[in-house]
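This report looks at how a pair of chains is built and how the chains meet. Please keep the structure open beside the text and find each part as it is named.

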There are 2 protein chains.
Amino acid sequence: MKEIRVGIIGFGTVGSGLAQTLYEQKERLTQKTGAVVVLARVADINIKCLPNHLQGTVLTADANDIFNDPSIHIVVELIGGIEPARSFILKAISKGKHVVTANKALLSIHGREIFAAAVANGVEVGFEASVGGGIPVIKSLKESLVANRIEAIQGIMNGTANYILTQMTDHGTPFAEVLKDAQQKGFAEADPTYDVEGIDTAHKLAILMTIAYGLHVKFDDITVEGISGIRPIDIDFAREFGCRIKLLAISRNHGDHVEARVHPTMVPVDHMLANINGAFNAIQFTGDTVGDVLLYGLGAGMMPTGSAVAADVVDIGRNILSGSINRVPALSYLPEYIGEPTITPMSRLTCPYYFRVTALDQPGVLSTISGIFGKYSISIQSVIQKGRQDDEPVHIVFRTHLASEEAVEKAIGEIDALPFCTDTTIKIRVLVDEK
Amino acid sequence: MKEIRVGIIGFGTVGSGLAQTLYEQKERLTQKTGAVVVLARVADINIKCLPNHLQGTVLTADANDIFNDPSIHIVVELIGGIEPARSFILKAISKGKHVVTANKALLSIHGREIFAAAVANGVEVGFEASVGGGIPVIKSLKESLVANRIEAIQGIMNGTANYILTQMTDHGTPFAEVLKDAQQKGFAEADPTYDVEGIDTAHKLAILMTIAYGLHVKFDDITVEGISGIRPIDIDFAREFGCRIKLLAISRNHGDHVEARVHPTMVPVDHMLANINGAFNAIQFTGDTVGDVLLYGLGAGMMPTGSAVAADVVDIGRNILSGSINRVPALSYLPEYIGEPTITPMSRLTCPYYFRVTALDQPGVLSTISGIFGKYSISIQSVIQKGRQDDEPVHIVFRTHLASEEAVEKAIGEIDALPFCTDTTIKIRVLVDEK
């Protein structure tokens, strides 16, 4: 029987999940492909032996043993980070190996170099697992929505951040406390920066924008704000405005420019994205033909990510078996049609806003602040001021109609300079579906 | 430039949507495939001319003109129904044409014959549009979840039924009134039987089960109940139990037997499927590797369905261009591995139930009914009896713990024979996620 021979670099959580999947699904994969997927080699510098079920798989500490094995078709890179992952992938490609990776950080920064090398060497790079874990995001965008101009991408793409916000919403617990608990339970990394500051989400958005629009979007193109500044009081006020706070990746396609932003967002409760809870992810594409399509599932974890990596291995394997390598272009568009993005400056953004101003409870405060909003043509939809406790400053909360980010920045600058404002004003953008 | 040449049979809503999509997305498709998708011919007996933008497309009243055109690679069947659709598809296949169809009724009844003919003739049959309209259901199941044993399929697969239930839920309007309104607005067919009686949903479930499990499941295998018996009072009681009523397709894979059922279901409000409203569809797959994945979008309509048909055309087109026909088996598993299903008898089903008993308001009614449930080991979780109006019979509503359908049928038979029960007892199954 024909074989699809695989080498894995990095035998951590996802690597061992993939090995387990290939073992458990072996017969099923043969029944679907007519071939056997063989895990030929595993390279990892930290482990001494492989699980018992991996009979016949060779363990090595040297990734070169994989690159130099002429029998291996597909190299799966699962060590993460930039180096040596980048060098390993480029070396695999130069040796004529196909590559599968879940490394969103690498692809969103060095993707252009990697995909160009793959084209030059006539090999494939599969990266389904880089966005949304086991959710079929990349294949759906590239193949199922092929006959669509993608108008917008909106999604919850980081399970840790969504878990924290969900806990804060359900229990009113402060951010730091939920984070600490999540770290103890293993739901959050020891260094949670990538997850809670929106960096991981931005990596993923860059990848999706590239294939959605046929533009070389990279991580640096994306404006990123995290959730560490969100307080339970903001979640409570959001509830009063009929919203939940979610960390969203948002991109809208304006034709000659595209939005690229990751930030906490107030999402109306009747929107699907408001109802994605816990560690789940959901990514919504808006296509001019199909309308809104939303894909939901576990965006991380050993087995879900293993499912996506295995699907890429089989996908490339089918192309090897049928002699149709690069049957679908890696980035959806053929390389010669991929252009440079013009990113919408944040100052040009227009949306409704939520502000929480913290001020001393004095006469004239509300009128002064309202006056500043009026000066910048920021129209207020509603205001909430809750009774103060003792001599503490009060929170005055505003929900605006559509306003421009440029005006908002200026207004907040003036407001925060007022003598009675005791803390920086919190600004959260409100999601509106532009149709 | 290379061409993928297409003929459409049936130029109704979806046919013209496809033609419009191929026209509007022409340049984009070339940028993604390196080829041109050409709509060579359209066959329809009811139209006199084609839209202006279809320059160069030949209109005919005779489908044979498409079968006999040696330049045409792919025949798209969009007339629906069993005949002549079946004969047309078999003829196209016998002429060596690839086929794309959205015809779920046909595939769920004659799929076996059609797919066998396709295998014998070495052609492909694409049917993404047959389930979930523009939502990438089929491709995700066949390719993205390839390394999964599918444990369960649960979904809202008919937009008309879901629209009606949503209207009933939001406005308390009776079924007949909402249906009439939906018909006037064009959201429901003049003959709504297929949609509201669950038949269309069952057609789709048969197709999904076949590719999910590698079993030849057909429409007749599925137990079907519709929503025409649902009353606003049931929706109100569901709300009191923290649920919404949805028409679900449900299949669970027990290994040696598989559940296959379509019926109104009480879905807890915190379940994603409870929050799918209006004409939207959502299909959830549970895989042993990936966990739960849910796909959401518009399950019908000119353009969403056109998006799915166009994706199939491109998918087959890529295989033509790269010489990899049947790169992915049409039914996910290779034909030799597809077996016969053993369907779980409904009597063996176990789930929580909702009952609405209608009875005269007499002493001893509740104890008699409760006694019958007890006799059949049906354990009651909660009971609601609302105050009667004048001399009308009262509704007594029960929500049970897990109970067997066999016991439930016997108990209801006895209850409905009681002299003080004035109407047939309504039974609605309650969704529980078995983990």
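## The parallel sheet of chain B

In this predicted model, chain B contains an open sheet of 6 strands, which follow one another in the order β3-β2-β1-β4-β5-β6 and pair in parallel. At the edges of this sheet are β3 (58-60) and β6 (125-126) of chain B, each of which pairs on one side only. In general, the strands of a sheet pair through backbone hydrogen bonds, and the pairing may be either parallel or antiparallel.

The individual pairings can be followed across the sheet of chain B. Strand β1 (residues 2-9) of chain B runs parallel to strand β2 (residues 35-43) of chain B, and 8 bridges join the two; in one of these pairings, B:Lys2 has B:Ala35 of β2(B) as its bridge partner.

## How the two copies are related

What relates two copies of a chain in general? They are related by a rotation about an axis and a shift along it. In this model, chain B is superposed on chain A by a rotation of 180° with 0.0 Å of shift along the axis, and the RMSD is 0.0 Å. The two copies are therefore related as by a two-fold rotation axis. Within chain B, the C-alpha nearest the axis belongs to B:Leu295, at 2.4 Å from it. The same surface serves both copies, since 100% of the contact residues of chain B recur in chain A.

## Where the chains touch

The contact between the chains involves 52 residues of chain B and 52 residues of chain A. On the side of chain B that touches chain A, the elements that give two or more residues are α2 (26-33), α6 (137-144), β12 (291-298) and α12 (302-322) of chain B. Of these, α12(B) provides the largest share, with 10 residues. Sorted by class, the residues on this side of chain B are 23 nonpolar, 20 polar and 9 charged.

Two of these elements meet their counterparts in chain A. Strand β12 (residues 291-298) of chain A pairs with β12(B) in the antiparallel sense over 5 bridges, and in this pairing A:Tyr296 stands opposite B:Leu294 of β12(B). Helix α6 (residues 137-144) of chain A packs against α6(B) at an angle of about 125°, and their axes are 10 Å apart; α6(A) and α6(B) are therefore oblique to each other. The crossing of α6(A) past α6(B) is right-handed. Its contact is made by A:Lys139, A:Ser140, A:Glu143 and A:Ser144 of α6(A) together with B:Lys139, B:Ser140, B:Glu143 and B:Ser144 of α6(B), and by class this contact has no nonpolar, 4 polar and 4 charged residues.

Most residues other than glycine have a negative phi, and most peptide bonds are trans. Against this background, the peptide bond from A:Glu83 to A:Pro84 is cis, with omega near 5°, and A:Pro84 has its place in the loop between β4 (74-77) and α4 (85-94) of chain A. In chain B, a cis peptide bond joins B:Glu83 and B:Pro84, with omega about 5°, and B:Pro84 lies in the loop between β4 and α4 (85-94) of chain B.

A positive phi, near 60°, occurs at B:Asn326, which is a residue other than glycine. B:Asn326 is placed in the loop between α12 and β13 (350-351) of chain B.

Notes
Residues are numbered from 1 along each chain as its sequence is written. Chains are lettered from A and ligands numbered from 1 in the order in which they are written. This is a predicted model: local features need pLDDT of at least 70, side-chain atom pairs count only at pLDDT 80 or more; totals for chains, interfaces and linings use all residues. Two residues are in contact if their C-beta atoms, placed from the backbone, lie within 7 Å. Helices (H or I, at least four residues) and strands (E, at least two) are DSSP runs, numbered from the N terminus. Ala, Val, Leu, Ile, Met, Phe, Trp, Tyr, Cys and Pro count as nonpolar, Asp, Glu, Lys and Arg as charged, and the others, Gly among them, as polar. Two strands pair if DSSP finds at least two bridges between them. Copies are superposed by least squares on the C-alpha atoms of residues with pLDDT of at least 70 in both. Axes are lines fitted to C-alpha atoms, for helices over the stretch in contact, and angles run from 0 to 180 degrees between N-to-C directions. Angles under 35 degrees count as roughly parallel, over 145 as roughly antiparallel, 65 to 115 as roughly perpendicular and the rest as oblique. A crossing is left-handed if the near helix is turned anticlockwise from the far one by less than a right angle, and right-handed if clockwise.
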